[in-house]
Amino acid sequence: MFGNKKDSAEDNALLEQVGTIIGPGAVIEGPLTTKDSTRIDGIIKGNVTISGALIIGQDGKITGTVSALNVYVAGEVTGNITAPQGKIEISDTGKVYGDISCKGIIIDENAVFQGKCEMTGQDKSSASIAKERAVADKESKEETAEDNKAETN
């Protein structure tokens, strides 16, 4: 009734694109590698490498290194997560115990994240961009002041 229809449509589109599903109760001991988007609601004890998006459901647990295009965590990951060109989202039920390397990150309120985060894909830090803007603004103001002085003389 009060839900956002756009969000539910996007969720349904994402679910339709999932090619591999590890259901609840499934336990995989060893590495998992897939080329398509994957949803995990079971337990994986090993490294996970996904060429598409990875969705870890509320009952999903991974112990090992995770690498994917985009990662959505509603369950638990114990290990490092890498999404160098994509984003990682940790929902309010998600728990991540390990380091994260990604281009973008979203951490919901009540989510658990214990580790460090390294943002990739950025040539310059926001601090250096802010300094460049400040210098450019200062130079622009000085030029405007000089132009005004020349016009009054």
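**Cysteines, a salt bridge and parallel strands**

Modeller: In this predicted model, the sulfur of Cys117 lies 4.4 Å from the closest cysteine sulfur, that of Cys102, and this is too far for a bond.

Biologist: How many disulfides does the structure hold?

Modeller: A disulfide needs two cysteine sulfur atoms within 2.5 Å. For Cys102 the nearest cysteine sulfur is that of Cys117, 4.4 Å away, so Cys102 is in no disulfide. The count of disulfides in the structure is zero.

Biologist: Is Cys102 buried or exposed?

Modeller: Buried means under 20% relative accessible area. Cys102 has a relative accessible area of 0%. Therefore Cys102 is buried.

Biologist: Turning to charged side chains, which residue does Arg39 meet in a salt bridge?

Modeller: Side chains of opposite charge can pair when their charged atoms come close. The cut-off for a salt bridge is 4 Å from nitrogen to carboxyl oxygen. Here the N to O distance is 2.9 Å. The partner of Arg39 is Asp41.

Biologist: How many salt bridges does that rule give?

Modeller: The pair of Arg39 and Asp41 meets the rule at 2.9 Å. The count comes to one.

Biologist: Is Asp41 buried or exposed?

Modeller: Arg39, its partner in the salt bridge, is partly exposed at 25% relative accessible area. Asp41 has 15% relative accessibility, and the limit for buried is 20%. So Asp41 counts as buried.

Biologist: Now the fold. How many strands does the protein chain have?

Modeller: The protein chain has two helices. Its strands include E12, residues 81-90, and E14, residues 100-107. The number of strands is 16.

Biologist: How many bridges join E12 to E14?

Modeller: The two strands run parallel. Thr82 stands opposite Ser101 in E14. The bridges joining E12 to E14 number seven.

Biologist: In E12, what is the bridge partner of Tyr72?

Modeller: Strand E10, residues 70-73, pairs with E12 in the parallel sense over three bridges. Strand E9, residues 66-67, also pairs with E12 in the parallel sense, over two bridges, and there Ser67 stands opposite Thr82. For Tyr72 the partner in E12 is Glu89.

Biologist: What share of the contacts with a separation of 6 or more joins residues 24 or more positions apart?

Modeller: The protein chain has 153 residues, and 29% of them are buried. Among its contacts with a separation of 6 or more, residues 24 or more positions apart account for 2%.

Notes. Residues numbered from 1 in each chain as written. Predicted model: local features only at pLDDT ≥ 70, side-chain atom pairs only at ≥ 80, totals over all residues. Heavy atoms only, no water. Buried < 20%, exposed > 50% of the residue type's maximum accessible area, 1.4 Å probe, protein only. Helix = DSSP H or I, 4+ residues; strand = E, 2+ residues; numbered from the N terminus. Contact = heavy atoms within 4.5 Å. Pairing = 2+ DSSP bridges.
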